[in-house]
Amino acid sequence: MYELVKVTICNYTLFSKLLSSGILSKEDVDELGKYKNNRSEQAFKLYNLVSQRQNGFTILLQALQETKQSIAVDILTNGNKLKTDSMDDLMSITFDGKSVLGKGSYGTVVFKGTLGTRNIAIKRVSTDQFVGNRRQVDHEIEMLKTCDAHENIVRYFGSKNEQNSVLILLELCDVNLKEWVTNKGIAIPAVEVLRQVTVGLKWLHENRIVHRDLKPENILLTRNPVKVKISDFGLSRCIVDGKSAVSTSSLVSGTQGWVAPEILLQAINPGSHQRQGKFTYASDIFALGCVYYYVLTDGKHAFGDSIRSQTNILDGKSTIKPTDVRYGSTHNLFFVRLMISQTPKSRPSCSALLFCPIFWSGERRARFLEDVKVHVGGAIRESQIPSVYIQCRDLKGTLEQYYPKTKGFVPESVPATTVNIVDQPDVNRLVASFHKSGVLSASNPNLATRKTSPVRLQELLFQVRPELTESRDISHRTPLHIGTKRSFKNGKKLEFIRMLIENHADVNSKDYAEETPLHCIVLQKPVLPGAQLIELVKLLLENNANPDSVNKQGSTFLHSASRIVNPSAFHELVLHLATIKRTKSFTVTNTFGSTVLHDAVLNLEPLIKTLQVFQRSGADFNAVDNNGDTLINRSIKAGRADLFLNALISFGTDWKIRNNYGDSTLHHASFYGNLPALKLLISLGADVNAKTNDGETPLHASFPCKYRNTVHEIVRELLENGADPTISNIKGDLPVKYAMDGAKSGNVEQRTVELLKNHVVSNKQMLNGTAVQGMQQQPFTFPDFRVPPPSDVSSYNNGPNRQHHFTHMSQENYRRGISRGGGSYSKNTNTGPR
């Protein structure tokens, strides 16, 4: 009996099977649950209860077989043939410390080992390096017990406590998905890999489990038999009954590049998007979509390389290319795009994915093409299958067999209609496909002629099918979004936009990026000529387009225009908006705290007459962004000359305002190598020895090594105007130390180092407690330019860890600075103000 209880795993699935068979009552399960921290005692109680039930042994044996507890089954069926000593040998755990399969955070190491005669993976988790690790280990073990019953989930054999560590005994797999993509050492089709991963994740979701760390390294493959298995449940959580999401104390969990955008938004701005920051099944689907693309393209990420992926995920900028697909049809990317949508509600469930055309056989695809003809009025192309499949999901009859019984795709994701069959977001091609199929010719004979102009064809089309003005593509864009953002070779853009508006197109509709047609006009590439741009904007505004509508970043269309259009066109836009009394465009701030003027002075140099319009319209010339930076700071960063800075000052901009980190405008001029701005500020009386919160002067700020062409001139100008090179920062670093470090890497000229050294000597200050008087006559060496830091450094020790004052963390820098740290996230700083 001892050996039996030792190997029996009393998990949720086993209890569920015994409960449904009537062998156990709910009260029995509740009683057994009290012993969850003592596995052997729990198993012992279970066998005592089962032995008292009619047919208890037979039903228990079947339940153990279904939950794949083969060792317990062997003991129950062949117990009379086993000797006690052989069972003890069977349960002995051994592993070689040199047979390392992988390493994780907080001292976690995975070894190859044995459990009796079975080869297994042994995960040793240290419990003395992290105060919460013991609780985390216990949680992972409980999750493994719960998830153990499915063939696409890694098997769990038990655990063993050791001094300062816990051994978790797991099924030994041959490779992880990342390794398989590299060498294809196991013969299995790429699409079958994705199917099995989806089946495993579907089982987790059906049991209300959110994995939260799905990535190639946590997907394993076995060779015999060939199976794909999901592993690593350290971050997994169960969704409580009655809830739709998992709330955790940590803002972000998962691995950089595989975390859904709604979770990242919670980390950037905890005060907002509170509900979206909770983990849902859709968070897993996003990671699964990235895994799909990774497998189909032999290792490429849907959002670019590891450096850019995090920022691209937040901005919704995927790098998907059909030419990168190596396996399956390129049209399957339609579903990948749905899975990685910025909007969680648009992502399909695992059940829906398993029904979708990605996993169809050639025979099933041919049958669908035949069955769908009746509903769309003619034959469709192979490339149209994905979009038509979604468009027809609510139809009854022969097509029902192609869809899951439960709702797979949320209705908001793509409108379902028998007439809106759009396989690409291009109205011109939409017209051509309808024309070619003959769907419209019966309704309007004029559409049958090829001599009709494209715009006239489109006009006739929308007259026949007026509801098409509100049709949406996969990015939730209407024809008006598409028409305003795309160029027209025939120069008929204005005519087409006017036709859509006359057919009641919604001029304020938003796509998934929450951009309106006004945003799309200024974002068109190539940028429209000024006159055409103004004419289109006026047309939309005259038809009640809202100029104050903001996108997901809180930016109006004027914010977008200030980053793209030229100064003359920007002035015309501003001039026209000033005539609209209801607009708040001149004062609104986006999620980064930037006004339109902040973006304008950074990306283009507004005309003086443009600044006058802003002033008359109530713009605040002393507004600061989330970093505390003013228009002067932004202008200096953009390299604006003293003439423009003088103009801003004349409009009331205060050059004396410091930002949140104590940086003065002179610090900015020094850091960004803006010599004209530096000279202007010094002439206005700026303090050349001003200190930041980290105790750094403009001399310290002169050495980012990013603007090397002006470093020497900046340093010389500061020194000639009284800058003290012997002032150290809060860490004890002198400016000359930064200069010497820059010289070693070739980013600072040696003459700049010598200039600073000479000024240090001439000032006859104390360095490292030794007077330097008379050192001019001695060989001059500077092994280390550090002075003892101030006695009170508590503010530094408790503050952010920064190399110098310009390595502060802004919201935009944070978007690029999330890296994994054992299930939690740490912030990596980036140099320079935003």
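1. Helices (H or I, at least four residues) and strands (E, at least two) are DSSP runs, numbered from the N terminus. The model is predicted: local features need pLDDT of at least 70, side-chain atom pairs count only at pLDDT 80 or more, and totals for chains, interfaces and linings use all residues. Residues are numbered from 1 along each chain as its sequence is written, and side-chain values use heavy atoms, with hydrogens and water left out.

2. Helix H10 covers residues 190-206 and contains Thr198. Thr198 counts as buried because its relative accessibility is 0% (buried is under 20% relative accessible area, exposed over 50%, partly exposed in between, with a 1.4 Å probe and protein chains only). With neighbours within four places in sequence left aside, Thr198 is in contact with Leu288, Tyr292, Cys350, Leu353, Leu354 and Phe359; contact means heavy atoms within 4.5 Å.

3. An open sheet is formed by five strands in the order E1-E2-E3-E5-E4, with antiparallel pairing (two strands pair if DSSP finds at least two bridges between them). Strand E1 (93-103) and strand E4 (156-162) are the edge strands, each pairing on one side only. From one strand to the next the twist averages 30 degrees. Here and below, axes are lines fitted to C-alpha atoms, for helices over the stretch in contact, and angles run from 0 to 180 degrees between N-to-C directions.

4. The pairing of E4 with strand E5 (residues 165-171) is antiparallel and runs over six bridges. Gly158 has Leu169 in E5 as its bridge partner, and Glu162 stands opposite Ser165 in E5. The hairpin of E4 and E5 has two residues between the strands, and in this hairpin Asn164 takes a positive phi near 65 degrees.

5. Arg124 belongs to strand E3 (residues 118-126). Its relative accessibility is 29%, so Arg124 counts as partly exposed. Between Arg124 and Asn161 the sequence separation is 37 residues, and the C-alpha to C-alpha distance is 9.7 Å.

6. The peptide bond joining Asn224 and Pro225 is cis, with omega about 0 degrees; Pro225 sits in the loop between strand E8 (219-223) and strand E9 (226-230). Asp232 is not a glycine, yet has a positive phi of about 60 degrees. Asp232 lies in the loop between E9 and strand E10 (237-238) and, at 26% relative accessibility, counts as partly exposed. Glu514, also a residue other than glycine, has a positive phi near 60 degrees. The loop between helix H21 (493-502) and helix H22 (517-523) holds Glu514, which counts as partly exposed at 33% relative accessibility.

7. Helix H24 (residues 557-564) packs on helix H25 (residues 567-577) at an angle of about 160 degrees, with the axes 10 Å apart. H24 is therefore roughly antiparallel to H25 (angles under 35 degrees count as roughly parallel, over 145 as roughly antiparallel, 65 to 115 as roughly perpendicular and the rest as oblique). Phe557, Leu558, Ala561 and Ser562 of H24 make the contact with Phe570, Leu573, Val574 and Leu577 of H25. H24 and H25 cross in the left-handed sense; a crossing is left-handed if the near helix is turned anticlockwise from the far one by less than a right angle, and right-handed if clockwise.

8. In the model, residues 661-693 are 48% helix and 0% strand, with the end C-alpha atoms 6 Å apart.
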